[in-house]
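Thanks for coming. I will go through one structure today, starting with the backbone and ending with the ligand. Please have the viewer open.

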Amino acid sequence: MDFTATPAWSALLASAATPLPSLRELFAADPGRAAAMTLGAADLRVDFSKQRVVAETMQHLIAVAEASGVQSRRDAMFAGEPINTTEGRAVLHTALRAPRDAVVMVADESGARHNVVPEVHATLDRMAVFADRVRSGAWTGHTGSRIRTVVNIGIGGSDLGPAMAYKGLFAYRHPDIECRFVSNIDGADIGQNLSGLDPASTLFVVSSKTFTTIETLTNAETARAWLLGGFGGDESAVARHFVAVSTNAEKVAAFGIDTANMFGFWDWVGGRYSIDSAIGITLMISIGPEGFREFLDGMRAIDEHFLHAPLAQNVPVILAMLGVWNSNVMGAQSHAVLPYAHELSRFAAYLQQLDMESNGKGVHRDGTPVTGDTGPIVWGEPGTNGQHAFYQLLHQGTRLVPVDMIGFAHPNHSHRNHHDLLTANLFAQSEALAFGKTAAEATAEGMPATQVPHRVFTGNRPSTTIVAARLTPRVLGELIALYEHKVFVQGCIWDVNSFDQWGVELGKALANRITPELSGPSTHLTTHDSSTIALINWYRDQQQETT
Ligand code: F6P
């Protein structure tokens, strides 16, 4: 259903036809604005008062969410219905953080329904035993050395979540175990990450939902060759140094990893929603099974909030609808996520896959083309680094860029003076974006008239501030689930399938075709366009010149 055809959307547009006062004016007129537009969800405090909306806008946006069937689609997701229609799958990352006694029924291929929670917990238990053995040194390498480095090999959802969370929870890591992450097919990635490692104390976790992904399999082959090089070609070393995470036991075995060393998950877990599955094993080794349980509990707390809070106080729904407002009414093309926590330096990259692979869609669920914009371009860097790079455009550029700013009351380090400065910058930036500086204020500061236009900040630039006491495993879990559900709600509004990713297929297929053409016998490359043929020939010539 096209949400723009609903009466709720027409009512929203009608109310938006009268331009809203600026944020300066809105705050001046209503001293209670911040209190009225700040909500709590689990440990998160979310202040959206600096968004360009008024109470009436929010009422209309919530009406749009209701008219779009957000509640029934949410319930269908949690109930294990096959809402990923193009792949005929349930979407149940929420079952991965369900408590042990929960019941989540899913239909198998024969249509028979069974409770998946026992298998989820059985896997978590196996992961915990393994993680504890690695952490304690009970799990040793081929020559009896304890594991000092875990190298996670995966890409997309099999990399971004664990890599982001490992950095995010660096303060909670095991002090004697370093984790590294290899994803790119570019040999520079694995080359740099193997550098300085001792095969005897290195464990590889090969993570791939499908176990067919060329990047991961190529990197895993290279890692195995490197390992065998360190053990004089002794194949029996592999079992102590390679574990796999996948839904595909057959492919894992075919690759040469004993399935006894495999942690499984299920096709109802999407890659970009899999950090809370066995894909999180590297994170669990780092922060320990208890830390991982807290992480899952944080996700669960937001699931509960999403399930039970009324839509008007439902934080993922509010964030989603503000995004719809900014994109589909105000015309924003992108959305920046700016964590004031250096540990979250990969958070925007993680959200890029979560959001852009989910909602970067051009057709509705029934296959008809969408008429307006769907998912935004998501990007961001941690503050304060971003301030010295791209904030100029945020403050004085011509584009509208809504931002989420994320911060914490307490740091996970002891440099309190740094943290006060960091937090002052966070608050200052949201204030500057919202309220700017007028020409009169610049003049009153003594600015020469020729300088004034350059010193004006228009303000009225929307931001949401998300804060919590401290970045803990639980709070990181909450943040991730918050964005997962936000993306889900937006997918409901835009009526797209947020759980497939066919858009990545064409490039993969063409790369498979081009790979042999780069080095094989010279062929007539007539199946390509003139530009691609010229590029392939240039590459082939370059290889000949250097051989
Ligand atoms: O980029 C497409 C994609 O299928 C992602 O959705 C997924 O996270 C990634 O590739 C890796 O896939 P796999 O875990 O199967 O190796």
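Where does D495 lie? D495 is in the loop between α19, residues 473-494, and α20, residues 505-519. Before going on, note that this is a predicted model.

I start at D495 for its backbone angle. D495 is not a glycine, and yet its phi is positive, about 55 degrees. N460 is another such case: its phi is positive at about 60 degrees, and N460 is not a glycine either. To find N460, go to the loop that runs between α18, residues 452-455, and β13, residues 463-470. Why point these out? Most residues other than glycine have a negative phi, and most peptide bonds are trans.

The bond joining G383 and T384 is cis, with omega at about 10 degrees. T384 belongs to the loop between β11, residues 377-379, and α15, residues 391-396.

Next, the aromatic rings. A pair of aromatic rings is described by the distance of the centres and the angle of the planes. Searching the whole structure gives 20 aromatic pairs. I will show one of them, Y166 with F181.

Last, the ligand. Which pocket does the ligand sit in? It is the largest pocket. There are 13 residues around the ligand, and those that come nearest are G157, S158, S208, T210 and T213. Sorted by class, this shell consists of nine polar, two nonpolar and two charged residues.

Now some individual contacts. With G157, it is a polar backbone atom that lies 2.7 Å from an oxygen atom of the ligand. With S208, it is the side chain: one of its N or O atoms is 2.6 Å from a ligand oxygen. Q353 also uses its side chain, with a polar atom 3.1 Å from an oxygen atom of the ligand. How much of the ligand's accessible area does the protein cover? On its own the ligand has 390 Å² of accessible area, and the protein covers 86% of that.

That is the end of my part.

How values were computed:
Residues numbered from 1 in each chain as written. Predicted model: local features only at pLDDT ≥ 70, side-chain atom pairs only at ≥ 80, totals over all residues. Heavy atoms only, no water. Near = heavy atom within 4 Å. Polar contact = N/O pair within 3.5 Å; in protein donor to acceptor, adjacent residues only side chain to side chain. Areas by Shrake-Rupley, 256 points an atom, 1.4 Å probe, with all protein chains shown as cover. 1 Å grid on protein atoms, 1.4 Å probe; cavity = no way out; pocket = protein on both sides within 12 Å on 5 of 7 lines; lining within 4 Å. Sits in = over half its atoms within 2 Å of the grid points. Nonpolar A, V, L, I, M, F, W, Y, C, P; charged D, E, K, R; others polar. Phe/Tyr/Trp six-rings, centres within 6.5 Å; stacked < 30°, edge-to-face > 60°. Helix = DSSP H or I, 4+ residues; strand = E, 2+ residues; numbered from the N terminus.
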